[in-house]
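Thanks for making the time this morning. I would like to walk you through one structure, slowly, starting from a single residue and then widening the view.

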Amino acid sequence: MTRHLFLRATLALFLLLGAGSLSLAPACGNELEQPDQTLSLNDVKGGRLLFKTARPGRYLPAPTLKTDVRISVTGLIARATVSQEFLNPSLEKDAWAEGIYVFPLPETAAVDHLRMKIGERIIEGQIKEKAEAKKVYEQAKQEGKRTSLVEQERPNIFTTSVANIGPGERITVEIEYQETIRYDQGAFSLRFPMVVGPRYIPGTPMVMEDQPPGNGWSLDTDRVPDASRITPPVRHPNAGPVNPLSLSIDLAPGFPLGKIESPYHQILTIAEPDGRQQITLREDTVPADRDFVLAWHPASGQAPTVSVFREQQGDEQYAFLMAMPPMGSDHSQASVARETIFVIDTSGSMSGTSIEQAKAALLLALNRLTAQDRFNVIQFNSVTHVLFSQAQPVTPQTLRKALHYVDNLKANGGTEILPALKMALKGSAPATHLRQVIFLTDGQVGNEDELFEVIRTQLGTSRLFTIGIGSAPNSHFMRKAAEFGRGTFTHIGSTSEVQAQMDAIFRKLERPALTDLHIEGLDGQVEMFPARIPDLYEGEPVVVALNGRTLPDKVTIHGLIGSTPWTTSITLKNSEPREGLSVFWARQKIAALVDQQRYGQDEAVTKQAVLDVALAHHLVSKYSSLVAVDVTPARPADKLLQTHAMKTNLPDGQDYQAIFGLPQTATSGQLQILFGLAALLAAWLISSVRGNRKHIA
């Protein structure tokens with residue numbers, strides 16, 4: 001009797017979860033079923049997204065998406081407009097659609113405008129507290145009104161929702177953001193991410209009763225409570241690319257240019273008489289499957305050493321300061337003994353070109369070690385492996401063993417960074433050695449906050465340097481981990497740039513850091529971010545944002561390059577006016593407020609402080625969203641609305657099977673439960689057979 005009850009309960013739960021897995025199918029397969037049919041497979045010519053329907057062999061066209069990106073660069077400020085066009089291709093009169101698209105933006109982007117375009121009409125988005133914005137969106141959706149919502153999931157992951165797209169209708173959502181240009185080792189650069197890579201989701205699957213689940217392929221877990229919101233469905237590469245993207249840049253650097261380069265996309269460049277450069281992709285569109293990077297170098301002798309801009313907003317003044325410390329042999333240091341711990345990600349998401357890039361970078365790094373150094377190599381996927389039980393001196397024997405070990409690394413399994421990170425930070429170097437941890441990974445994990453806390457609390461005397469690997473690394477994790485680790489970060493997007501990028505990071509490692517930085521001349525009425533200027537490395541500038549009713553005419557920056565004092569004075573009076581500095585300052589303040597929560601500040605206090613800044617400056621944040629509503633209802637009350645999670649491409653160079661196979665970097669909690677129940681059922685059947693045999697005997 002007990003066995004029969006167990007069998008019935010297991011089968012019931014198995015079927016229940018099986019049915020549930022069909023409800024998840026939109027996220028990882030065919031999206032949501034729709035009641036009407038319009039196509040058979042024989043009707044389809046070429047690659048096309050289809051949704052299954054209730055009638056076998058009949059399908060409905062899925063909403064499609066295309067994106068246009070326009071970026072205007074003026075000096076050190078970039079202003080971008082991202083236009084996402086949602087098309088409902090179905091001509092069935094009852095096929096009303098809602099599209100949900102999870103997409104990346106630069107991790108330092110300040111998103112401050114939303115516009116929804118329906119034909120010739122434009123509806124401006126309003127900034128609201130996140131829960132309130134969601135409520136406004138849901139109510140408009142239920143009332144049949146066209147509406148759109150932009151939410152932040154991570155500093156570099158956002159979600160656009162568009163409801164009540166009529167049959168054959170196009171709705172365009174325009175998002176504007178601002179960010180500062182990165183300047184490092186004599187080159188300016190911007191990075192525009194195009195795809196959210198599949199994230200590894202650790203933890204136990206769970207249902208959050210107080211929040212509706214997202215549309216991702218993963219369930220929420222106790223360690224990543226919003227996993228279903230950051231794991232958009234991924235289209236299999238064999239089905240062809242989706243989400244075509246066009247991009248153009250208006251570049252006004254403010255100085256004579258030398259070289260312009262785009263390492264991952266072919267571009268066209270047209271010079272204007274006034275010195276501006278018009279840059280577009282060589283092709284009309286490209287698949288959204290890798291980051292776009294543009295770098296430009298000043299002409300010889302034209303690199304700026306100081307940049308100062310000011311903006312007046314009502315009674316408030318804002319300023320942006322950038323100062324370039326000296327580079328080169330004047331501040332070189334005697335060779336310092338190092339204990340270097342290399343950590344390499346060998347998980348499934350690194351399979352393909354990424355693992356080859358990481359291995360090439362690590363082999364290069366090993367060959368730069370000197371006889372006075374100590375080192376170790378840690379690799380991680382589902383399990384952490386350590387080459388030596390403790391850091392070893394560099395000898396022909398230990399180096400030979402390490403090189404052979406790295407040569408044979410393969411990528412598979414999950415991305416369990418936490419144990420590897422703890423292992424790398426564990427212990428301390430001899431007093432004669434400087435301890436450095438070099439982390440090579442794509443950073444495709446969902447538990448970033450958990451990892452930041454480990455770095456913050458267990459760093460000790462180590463310094464952590466991150467190297468983002470692959471075509472679409474998690475730049476938020478790479479940058480923030482290095483910030484908490486008192487190190488710096490770089491990216492390697494192709495094997496061809498391994499040598500140059502590793503040379504660049506070793507120039508930073510082998511030269512003294514600029515430490516003890518502080519600014520003199522500010523009174524207590526001026527608010528500066530970052531409040532504490534972090535240590536800087538060779539080729540990195542001092543960058544701060546200021547705000548106050550009045551600003552000083554001059555400030556002085558002090559610091560130490562190794563043990564050598566460095567000082568520079570900057571005049572703020574009569575500096576060049578520039579729009580957008582208030583937005584930059586507000587984005588920096590919000591980031592600082594979120595960081596304070598990691599140091600023990602109550603979340604309610606943090607939330608209110610962030611909202612005060614975000615609502616005043618019209619910024620999307622962890623606690624605020626932009627929502628736009630068309631006042632006129634469009635969808636008849638008796639027509640159903642079908643929700644569709646827009647599929648994304650697999651990042652270029654990644655192996656779909658290595659990620660979504662078993663063991664998988666992107667773990668589906670529901671699938672694991674199904675496998676577990678299947679195993680239980682199999683065990684019961686075996687037990688029953690054995691019991692029957694004993695009974696017969």
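Predicted model: local features only at pLDDT ≥ 70, side-chain atom pairs only at ≥ 80, totals over all residues.

Let me begin with phenylalanine 192, which, if we leave aside its neighbours within four places in sequence, is in contact with Val69, Val82, Leu105, Tyr177, Leu245, Leu247, Asp291 and Phe292, where contact means heavy atoms within 4.5 Å. Residues are numbered from 1 along each chain as its sequence is written, and side-chain values use heavy atoms, with hydrogens and water left out.

Phe192 and Ile249 are the residues with the most contacts inside the largest nonpolar core, which has 72 residues; such a core is a set of buried Ala, Val, Leu, Ile, Met, Phe, Trp, Tyr and Cys residues joined through side-chain atoms within 4.5 Å, and buried means under 20% relative accessible area, with a 1.4 Å probe and protein chains only. A second, separate core of 33 residues includes Ile344, Ala358, Ile492 and Tyr537.

Now to serine 246, which counts as buried because its relative accessibility is 18%. The side chain of serine 246 makes a polar contact with the side chain of aspartate 68, at 2.6 Å, a polar contact being a pair of N or O atoms within 3.5 Å, of which, within protein, one must be able to donate a hydrogen and the other to accept it, and residues adjacent in sequence count only if both atoms are side-chain atoms.

Finally, of the 697 residues of the protein, 55% count as buried.

Key: Buried < 20%, exposed > 50% of the residue type's maximum accessible area, 1.4 Å probe, protein only.
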